[in-house]
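Morning, everyone. Let me put the model up, and then we'll go through some charged side chains.

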Amino acid sequence: MPLPQYQEEKIAVGMFDRGLLGFPEGGITLKSGRQSPYYYNMRGSLSFSRRLDREGVMSIERQRNFRHALAGGYAVRFSEIVQPIDHVFGKAQAATAPAAVAAYEAGLSYIWERIDEPSKTYGYHQKIEGDYEEGETILMADDCVTDGASKVEGSKVLEAVGLRPVAVTLQLDREEGGVQTLENRYGFEVNSITTISRAAVFLLENRRIGNSHIEALAAYHEKLRADGMVSTFRNLA
C-alpha cells in the first residue's frame with residue numbers, strides 16, 4: 001500500500017516543527033561548500049524537546065505521534081522496494097538508531113555499523129553487528145541524499161563483509177542528483193518518504209514557510225543546473 005499523501009504531509013510538517021528541516025536566515029553551508037537555503041538533520045527525531053513543548057511549537061504528545069508517523073513512513077517505503085531484502089542497515093552514526101526503529105516498525109531484520117574503537121582490546125565485536133550470512137541483501141536507510149557519496153561509502157562497508165547492498169530508503173531526497181547517481185551508476189533501487197519539492201508545498205500550504213522560501217529553493221536549484229549539476233527539483237507551489 002503506497003504512503004498516503006496525508007501521512008507524507010504530516011511527516012513533512014512534523015520535520016519542520018521538530019526542527020529537523022529548517023530554513024535559516026542566510027542559508028547554511030553544505031559539506032560540498034555550496035550555500036543551501038535549508039538544512040535537514042534527523043538526529044533529533046527520536047528525542048523529545050521540552051523547549052518546543054513549553055513554547056507551544058510542538059507538544060510532547062505531537063512529537064510522539066510524529067516519531068511514530070516517521071517510522072511508519074519508513075516502513076511503507078521499505079515495503080515498496082521491489083528487490084527481496086534480508087536486512088535493513090543503519091550506518092554509523094546518524095542513521096543507526098532511527099533506522100533501527102524503522103526496521104522494528106516494519107518487522108524487518110536489522111544490522112548496524114560499529115564505529116572504530118582502536119583503544120578497545122577486550123570483548124568480542126565486529127564492524128557490522130547482528131546476525132547475517134555472506135551474500136545476503138541489504139536495504140540501507142538514511143536521512144537524506146545530496147550527491148550520494150556517503151551511501152556509496154556505506155555500501156563498501158557492507159561489501160567488505162560479503163553482504164550485498166541493493167537498495168536505499170531515505171527520509172528526504174534533496175533532489176540534487178544523488179538519487180540518480182545511486183540508481184544509474186551504482187545500480188541501487190532508491191526511494192524516499194518525501195522530496196524537497198513535495199515537502200516545500202506541504203510547508204507552504206500549512207503556513208510554515210512563505211513564497212520567499214520557495215523562490216530561494218528554485219533559485220538554488222537553477223544555479224545547480226547552470227553549474228552543470230543534476231537537479232530534479234520542481235517548483236510545485
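Glu129 and Arg114 are both buried. Buried here is under 20% relative accessible area, exposed is over 50%, and partly exposed is in between, with a 1.4 Å probe and protein chains only. These two form a salt bridge, with the closest N and O atoms 2.9 Å apart. Glu129 sits in strand E7, residues 128-129, while Arg114 is in the loop between strand E6 (110-113) and E7, so the bridge ties together parts 15 residues apart in sequence.

Some ground rules. This is a predicted model, where local features need pLDDT of at least 70, side-chain atom pairs count only at pLDDT 80 or more, and totals for chains, interfaces and linings use all residues. Residues are numbered from 1 along each chain as its sequence is written, and side-chain values use heavy atoms, leaving out hydrogens and water.

Two terms next. A salt bridge means a side-chain nitrogen of Lys or Arg within 4 Å of a carboxyl oxygen of Asp or Glu. Helices (H or I, at least four residues) and strands (E, at least two) are DSSP runs, numbered from the N terminus.

How many salt bridges does a search of the whole structure find? The count is 15.

One of them joins Arg34 and Glu176, with 2.7 Å between the closest N and O atoms. This pair links distant parts of the chain, 142 residues apart. Arg34 is in the loop between strand E2 (28-29) and strand E3 (35-36). Glu176 is in the loop between strand E9 (164-173) and helix H6 (178-184). Glu176 is buried, at a relative accessible area of 5%.

Now a local pair. Arg77 and Glu80 bridge at 3.1 Å, N to O. Both are in helix H3, residues 60-80, and because they are three residues apart, about one helical turn separates them. Is each one buried or partly exposed? Arg77 is buried at 9%. Glu80 is partly exposed, with 30% relative accessibility.

Salt bridges link Lys91, Glu113, Lys127 and Glu153.

Last, Asp131. Asp131 is in the loop between E7 and strand E8 (137-145). Asp131 is exposed, with a relative accessible area of 72%. Which residues does Asp131 touch, leaving aside those up to four places away in sequence? They are His87 and Ile111, where contact means heavy atoms within 4.5 Å. Asp131 and His87 are 44 residues apart in sequence, and their C-alpha atoms are 9.4 Å apart in space.
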